[in-house]
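User: I want to learn how to read helix packing in a model. Please walk me through a case.

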Amino acid sequence: MNAPQLPFELAQEYGIVVVADEGASLFANTAPHMTLATLAAARAQLGRPLRTQSVTTDEFALALRAAFSGSARNDATKPSGPNRAAEVGAFSDDLLAQAERDDAPAVRLLADLLRNALAERASDIHIDATEQGARIRFRIDGVLRDVETIDSALHAALIARCKVMATLDIAERRLPQDGRLQVTIAGRKVDVRVATLPTQYGERAVLRLLDTAAAALNFSALGMPQNIQEAFRSAVRMPNGLVLVTGPTGSGKTTTLYAAVSELDRARLNVVSVEDPVEYALDRVAQTQVNPRIELTFARALRSILRHDPDVIIVGEIRDRETADIAVQAALTGHLVIASLHTNSAGAAVTRLMEMGVEPYLLASCLRGVLAQRLVRRLDASKSVCAAPSIAERELLERYAIGDVVQLFAPSEAASGDVEGYRGRFGLYRWLPVTNEIAKAIHTRVADDALEQLAVESGWSSMAANARQSLQSGDTSLAEVLRVVSA
């Protein structure tokens, strides 16, 4: 047909198919599940007034088939059938098998993207809107890589498909939205967080993949040095106090929190968490997800948790003064609180809490230790070479106080591209214990770099120095260490 038409995926989900071009307006059949909001969205998409006629589900399916029969990938090929609306959000069967039963291009494309992302160990799928359509990228081991580009029609249908699966409002394109879904890919259950954002050229979406089967929830699997393992394990087994995990976004703080929970005797302890979002389900842990839309904030959830007789409280992130105050008070009144905080160093965590309004004497009394961490990519042994450090590299090793390294490893010339030559990630860590001397320093409000120096003097090396063994053994490269460790 020659009449302007919505992309197949949108026509299918909106329940609107154009059947005639009347010149000044378009005539469309509408399915029973069509709403006024989707009608307004369709009018905006088509740029023409719409005259509509409501038809039965079967009649709509026939009209959709007639409108799109013989279309190419960027259109579509067949309707979903009368029970489509009832299936939205129910993705308990294998996603790829579902795609085989549905020829809609956006359905197939999303299934392919999820399957390939999981196979390549990607943590995120980025669908970036461009003037011509969209660019799709995977984040693999913390680095983004281009995958493919699609045109505008398929981009709109793909975004709509993501929204439908995550039970978001497909008619709302002016405001950011976020949701989540669970799919089964090749027998593996994967949680997917979906976030959309309106941009200059249309909506962009980011899908974060949380593969429970691949989660490393113990300290050894995280690459934590033995001495830091023992110190951190001792801290999280204390009967009370505050233990902090710090680092920038994407440094693996949540995984470390979950690994800390695995060290607890959950059969005898009441462990309660408040997170944003709940990424992995933990056995014998009461997990609460914050929801700002209904004013369920970290602080409000924490106040309620204190009335549930907790032994251990896990705080996904301390973001504001109220949350910090409640966490500190809980730590001072007989509870163990393990929380994450966004700072660039272990010492800066103390300064950050003071800036939020926590009194130094309270912090000195309850803080048990601070773990700072970063994630670095692991070299693929089959695609790496080693050589003695050059003069420039020796200067960098000295400048960053890493120490003397006999040989350095790097990706070989055969490993082309930034992603090639690396496979997987592991952590670099720095432990700041709260000894009597450091507690006194906190009480007197010393600067964060002075706290770091006191930790070094008490025998705990810096994060950069902890990277020395990883460099010497060929686990990672000097460029990778310098990428994540600040001076």
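Analyst: Start with what counts as a helix: a DSSP run of H or I, at least four residues, numbered from the N terminus. The model is predicted. Helix H16 covers residues 448–457. Gly459 follows H16, with a positive phi near 110 degrees.

User: Which residues of H16 are buried?

Analyst: First the general idea. An α-helix has 3.6 residues a turn, so residues three or four places apart point the same way. Here the buried ones are Leu451, Glu452, Leu454 and Ala455. Their arc around the axis is only 160 degrees, which puts them on the same side of H16. Asp449 and Glu457, on the other side, are exposed.

User: What covers the buried residues of H16?

Analyst: The cover includes helix H12 (346–355), strand S18 (422–433) and helix H15 (436–443).

User: At what angle do H15 and H16 pack?

Analyst: Two packed helices are described by the angle between their axes and the distance between the axes. For H15 and H16, the angle is about 170 degrees and the axes lie 10 Å apart. Angles over 145 degrees count as roughly antiparallel, and H15 and H16 are therefore roughly antiparallel to each other. H15 contributes Glu437, Ile438, Ala441 and Ile442 to the contact; H16 contributes Leu451, Leu454 and Ala455. By class, the contact has six nonpolar residues, one charged and no polar.

User: Now a loop. Is Thr343 buried or exposed?

Analyst: Buried means under 20% relative accessible area. Thr343 has 8% relative accessibility, so it counts as buried. Thr343 sits in the loop between strand S14 (336–341) and H12. The Thr343 side chain reaches the backbone oxygen of Ser345 at 3.0 Å. Beyond four places in sequence, Thr343 contacts Thr246, Gly247, Pro248, Ala348, Ala349 and Arg352.

Conventions
Residues numbered from 1 in each chain as written. Predicted model: local features only at pLDDT ≥ 70, side-chain atom pairs only at ≥ 80, totals over all residues. Heavy atoms only, no water. Buried < 20%, exposed > 50% of the residue type's maximum accessible area, 1.4 Å probe, protein only. Helix = DSSP H or I, 4+ residues; strand = E, 2+ residues; numbered from the N terminus. Arc of directions from axis to C-beta. Contact = heavy atoms within 4.5 Å. Polar contact = N/O pair within 3.5 Å; in protein donor to acceptor, adjacent residues only side chain to side chain. Axes fitted to C-alpha atoms, helices over the stretch in contact; angles between N-to-C directions. Parallel < 35°, antiparallel > 145°, perpendicular 65-115°, else oblique. Nonpolar A, V, L, I, M, F, W, Y, C, P; charged D, E, K, R; others polar.
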